Amino acid sequence: MNDFSNPVFVISLIYIILFGLCVGSFLNVVILRGLAGEDIVLSRSKCPKCSNKLKWYMNIPLLSYLFLKGRCAYCKEKISIQYPLIEFITAFLFVAAFLTFGMCYKLIFIYIAISLFIVMSVTDIKKYVILDYHAYILAFLGVVYSFFDFSGLSLISSISGAIFGYLFFEIISLIFKKISSYRIFGEGDSLIALGLGAFFGFRNLIYIIILSFILQFVFAIPLLIKNSIKNKKPKLTMAYIVIVFGIFTLGVLNMAQFFNLIDTFYALCVLVVSFFMLIALWILILEIKNKIKQNLDNNISDELSTSLCALPFGPALLISGLVCIFYLDYIKLIVKIFFNSN
Ligand SMILES: [Zn+2]
């Protein structure tokens, strides 16, 4: 299918790259105006610093950034690396999807989904917000996607996935809020799960959620180390790291046993790792209880997030969704082996 000696294929590929760059450029506008609460009207872009309208040749994806050496042509203000980066990532993912699925109607849905994943990740990382309508568009897209049977999912699976995704994060958040006056997941996370559930269906959403928790653990480690150095709380960080590496060690041991690589040391290793994990978990729970008590006393509702895990959960969910577009079968296999289940 991917025949690089076929001129039609090569021309299609070049078109996809250009198309991806243009869409990426459009996504920058969607993000910028979405966060500013402006409409996405097709007025000419302007420099956020000096407000001069950009000429067409200053607005060419990727190339303009390179020619202008990353600075505004009028006021020489630095242009954020976000713009070329998003253009590049969009084009890259569009090409990857084209090489994976080929030229087909399904590709339209995949492209819209990828675009929404990028937009929601960036708004969440930059301003800790998910705009409701971005998630609703994803959910609607998912339902239409399964209705036309492009995804191989039934409509029921798509709708139940959306409901399950929303309720899963909403119920955990509400329970946590009841005991601590703090929502552990943002409202945006429930909405993302709603969209992902509609797009991937009930069963696949479970894999996405598992993967997103693993990713979140990994993303959080460097930040936690930085925070604990700043706040002088090494105990908390150590506890956290022991738990994370404990989970991974148990997973690796499980894999080794799955392939019959070890027998005798298996039980002993699991015992030792579990012991340290329990101690670490105990320290972590004490610390969280402390923090919650402080927050309740001082009437602070959002400080827990910055002290424990100052990362929005949305990007982990969205990246998991993205990974599942391309590697769903591998993810299923890894999760099954990780938990040593059939
Ligand atoms: Zn300027």
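A residue counts as buried here if 20 or more other C-beta atoms lie within 10 Å of its own. Keep that cut-off in mind, everyone, and remember that we are looking at a predicted model.

Let's begin with helix H8, which spans residues 202-231. Leu211 sits in this helix. Is Leu211 buried or exposed? Leu211 has 21 other C-beta atoms within 10 Å, so it is buried. And what does Leu211 touch, once we set aside neighbours within four places in sequence? The contacts are Ser320, Val323 and Ile331. Take Val323: it lies 112 residues from Leu211 in sequence, yet their C-alpha atoms are 9.3 Å apart in space.

Ile206 also belongs to H8. Ile206 has 18 C-beta neighbours inside 10 Å, so this one counts as partly exposed. Along the chain, Ile206 and Gly165 are 41 residues apart, and 8.6 Å separates their C-alpha atoms.

Now, over to a helix pair. Two packed helices are described by the angle between their axes and the distance between the axes. For H1, residues 7-36, and H3, residues 82-101, the angle is about 140° and the axes are 7 Å apart. That angle makes H1 oblique to H3, and H1 passes H3 in a right-handed crossing.

Who makes the contact? On the H1 side, the residues include Leu13, Ile16, Phe19, Gly20 and Gly24. On the H3 side, among them are Tyr83, Ile86, Glu87, Phe94 and Phe98. Sorted by class, the contact of H1 with H3 has 14 nonpolar, 5 polar and 1 charged residues.

Methods: Residues are numbered from 1 along each chain as its sequence is written. This is a predicted model: local features need pLDDT of at least 70, side-chain atom pairs count only at pLDDT 80 or more; totals for chains, interfaces and linings use all residues. Axes are lines fitted to C-alpha atoms, for helices over the stretch in contact, and angles run from 0 to 180 degrees between N-to-C directions. Helices (H or I, at least four residues) and strands (E, at least two) are DSSP runs, numbered from the N terminus. Angles under 35 degrees count as roughly parallel, over 145 as roughly antiparallel, 65 to 115 as roughly perpendicular and the rest as oblique. A crossing is left-handed if the near helix is turned anticlockwise from the far one by less than a right angle, and right-handed if clockwise. Two residues are in contact if their C-beta atoms, placed from the backbone, lie within 7 Å. Ala, Val, Leu, Ile, Met, Phe, Trp, Tyr, Cys and Pro count as nonpolar, Asp, Glu, Lys and Arg as charged, and the others, Gly among them, as polar. A residue is buried if 20 or more other C-beta atoms lie within 10 Å of its own, exposed if 12 or fewer, and partly exposed in between; C-beta atoms are placed from the backbone.
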